[in-house]
Amino acid sequence: MKDMTTRSKTLNLHEWSKDDTIISLYVTKFGCKGLYLTSETEIAKFIGTTLASLKMQCANIRALMGHRKGSLSDYSQLQQSIFSEYGNMPQFELMRVVKQIIKQDEFERIQILRKLGKDPSKLVKIN
């Protein structure tokens, strides 16, 4: 469970994590290209927030990217930190980070097993 601020608890707001912010950076820069989550709505649902909240995150990141149109200037310290660390990463590298966060490899394995007529829940997991 995430440690939430009093304001977040009171207003029932999503407390954005580092992983959530990395995903929103990717979505801001590249959309949903290469991800099994194929829309911003699916991304928001995965993160556990609303589409409107995701769009505001993306607008804050656009401000950090130097865009004036469609941006908000009230970005957080976390957003600034994530942008500094990941903002100049090539698309392929950032996509790899996001795929790890959303467990895309696991999702794809399950889809392949289902296409082969296997029940993934009955298979033994190897760690």
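## How H2 meets H6

Helix H2 (residues 18–30) packs against helix H6 (residues 91–101) at an angle of about 140°, and their axes lie 10 Å apart. Helices here are DSSP runs of H or I with at least four residues, numbered from the N terminus. Axes are lines fitted to C-alpha atoms over the stretch in contact, with angles running from 0 to 180 degrees between N-to-C directions. H2 and H6 are therefore oblique to each other; under 35 degrees counts as roughly parallel, over 145 as roughly antiparallel, 65 to 115 as roughly perpendicular, and the rest as oblique.

On the H2 side, the contact (heavy atoms within 4.5 Å) is made by Asp19, Ile22, Ile23, Leu25, Tyr26 and Phe30. H6 brings Gln91, Leu94, Met95, Val97, Val98 and Ile101. Sorted by class, that gives ten nonpolar, one polar and one charged residues. Nonpolar covers Ala, Val, Leu, Ile, Met, Phe, Trp, Tyr, Cys and Pro, charged covers Asp, Glu, Lys and Arg, and the others, Gly among them, are polar.

## A word on the model

This is a predicted model, where local features need pLDDT of at least 70 and side-chain atom pairs count only at pLDDT 80 or more, while totals for chains, interfaces and linings use all residues. Residues are numbered from 1 along each chain as its sequence is written, and side-chain values use heavy atoms, with hydrogens and water left out.

## H2 against H4

H2 also meets helix H4 (51–64), with axes that come within 9 Å and cross at roughly 70°. That makes H2 roughly perpendicular to H4. Thr21, Ser24, Leu25, Val27 and Thr28 of H2 touch Leu54, Gln57, Cys58, Ile61 and Arg62 of H4. This contact has five nonpolar residues, four polar and one charged.

## The two sides of H5

Now for helix H5 (residues 77–86), whose buried residues are Gln79, Ile82 and Tyr86. Buried means under 20% relative accessible area, exposed over 50%, and partly exposed in between (1.4 Å probe, protein chains only). The three cover an arc of only 65° around the axis, so they sit on the same side of H5; the arc is taken from the directions from the helix axis to the C-beta atoms. H2, H4 and H6 are among what covers them. Exposed Gln77 and Ser84 are on the face turned away from the buried side.

Lys18 lies in H2 and, at 39% relative accessibility, counts as partly exposed. Leaving aside residues up to four places away in sequence, Lys18 touches Leu78, Ile82, Glu85 and Tyr86. The C-alpha atoms of Lys18 and Leu78 are 7.1 Å apart, though 60 residues separate the pair along the chain.
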